[in-house]
Amino acid sequence: MKRIKIFNGNIITPYRTITDGTIIIENGIIQEVSESPVEITDAETIDANGAWIAPGFIDLHTHGAGNYDFMDGTVEAYLQAARMHATHGTTLLFPTTLTSTKELLFESFDIYRKAKVLNREGAAFGGLHLEGPYFAMSQRGAQDSRYILSPDPKDYMEILERSTDIVRWSAAPELPGALPFANELSRRHILPSIAHTDAIYEEVLKAFEYGFTHITHFYSCMPGITRRNAFRYAGVIEAGYLIEGMTVEIIADGIHVPESLLKLVYKIKGPDNIALITDSMRAAGMPEGKSILGSLSDGQEVIVEDGVAKLPDRTAFAGSVATTDRLVHTVTTLAGIPLTEAVRMASSTPARIAGIQERKGSLIPGKDADIVIFDDCIDIKMTIINGNIIYKKQDI
């Protein structure tokens, strides 16, 4: 039996913060969370030295990191991106594809299956998130316009039959065929998510009833209030606020969603309905300069500057270079959100959105021992996944 004892830290639980608490782990599962010192034999001990002990961060939407992209078509890309994310506190991530050829997509399915078996030194994989190709052309952002389509059963059924690893699919709900598409996803327990869309409130409300209960990178590539024939219509942004059961995810790098909007979305939706996501591309964790969005063979050149990736003509952002520790740091320092709420938005809320809250997202006995230890500056000291130390900074 493998036992680990983590002590002398401030434990963030769903209900309170335990000062100078202790966590006992056995065979990768949390057995005890205690306010008092716990005497236990035959255990590896980890002294947190007064740091924060929190549930591991869950990234629902990432395209890569460390100069690797999940569309590169190699097992190495998956493994190296996962390693980079783990050093920044991510314990579980959902590799996200881009709009591409079907051949590249199918290749990504095969690579994912191989990489998942070999992934022992990075953030764990929670399943695939398909971003596209069913988008509004006018809201495509950095998505490749050559491959954008409307949902067609012949197309998406072929894709669904090729992989059982798909857990989420982002699409524009106003497109012809989008509602039957959402029905099929929901039937397969795959989360339909609203993205790259020109929908108005009424279309979003109807889509919500068909299973579109989440909004991808809220504020990015979607409209607010628009005019049509002189009449004003609420858009996806207003729908996200008005529909009580709708959850949203935000790229909380302070750039995609600036300070004022971070405060607004937090004030209206609250931490139980907001997930912090990186939407990171290969340049996450790398120096600024030129990079590639998507696969090396068929991707788009982008420029990383000012802490964000941009299209070469600088007309739009092209995914972020954020990591999860940066997200938590940004919302606490820039938007003034309490640390415990920021951690919730990076752990328990995304776990619930993904439907894995029974195993992941909080430090409760019986759940997987996915734990991150960090200081007041959100500098990651240790990342533990299923009871295994994946990353350790030398000064802990």
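Guide: Two strands pair if DSSP finds at least two bridges between them. Keep that in mind as we look around this predicted model.

Visitor: What makes strand 19 and strand 20 a pair?

Guide: Five bridges join strand 19 to strand 20, residues 300–305. The cut-off is at least two, so they count as paired. The two strands run antiparallel, and Gln300 in strand 20 is the bridge partner of Leu293.

Visitor: Why are strand 19 and strand 21 said to stand at the edges?

Guide: The open sheet has three strands, in the order 19-20-21, with antiparallel pairing. Strand 19 (289–293) and strand 21 (308–310) each have a single partner strand, so one side of each has no neighbour in the sheet. From one strand to the next, the twist averages 40 degrees.

Visitor: Why is the pair formed by Tyr156 and Phe181 called tilted?

Guide: The ring centres of Tyr156 and Phe181 are 4.8 Å apart, and the limit for a pair is 6.5 Å. Their planes make 55 degrees. Stacked needs under 30 and edge-to-face over 60, so 55 degrees counts as tilted.

Visitor: What does that pair tie together?

Guide: Tyr156 lies in helix 3 and Phe181 in helix 4, so the pair ties together parts that are 25 residues apart in sequence. Both Tyr156 and Phe181 are buried.

Visitor: How do you know that the lining of the largest pocket has eight nonpolar residues?

Guide: Its 18 lining residues include Cys221, Phe317 and Ala318. Cys, Phe and Ala count as nonpolar by definition. Sorting the lining that way gives eight nonpolar, eight polar and two charged residues.

Notes. Residues numbered from 1 in each chain as written. Predicted model: local features only at pLDDT ≥ 70, side-chain atom pairs only at ≥ 80, totals over all residues. Heavy atoms only, no water. 1 Å grid on protein atoms, 1.4 Å probe; cavity = no way out; pocket = protein on both sides within 12 Å on 5 of 7 lines; lining within 4 Å. Helix = DSSP H or I, 4+ residues; strand = E, 2+ residues; numbered from the N terminus. Axes fitted to C-alpha atoms, helices over the stretch in contact; angles between N-to-C directions. Phe/Tyr/Trp six-rings, centres within 6.5 Å; stacked < 30°, edge-to-face > 60°. Buried < 20%, exposed > 50% of the residue type's maximum accessible area, 1.4 Å probe, protein only.
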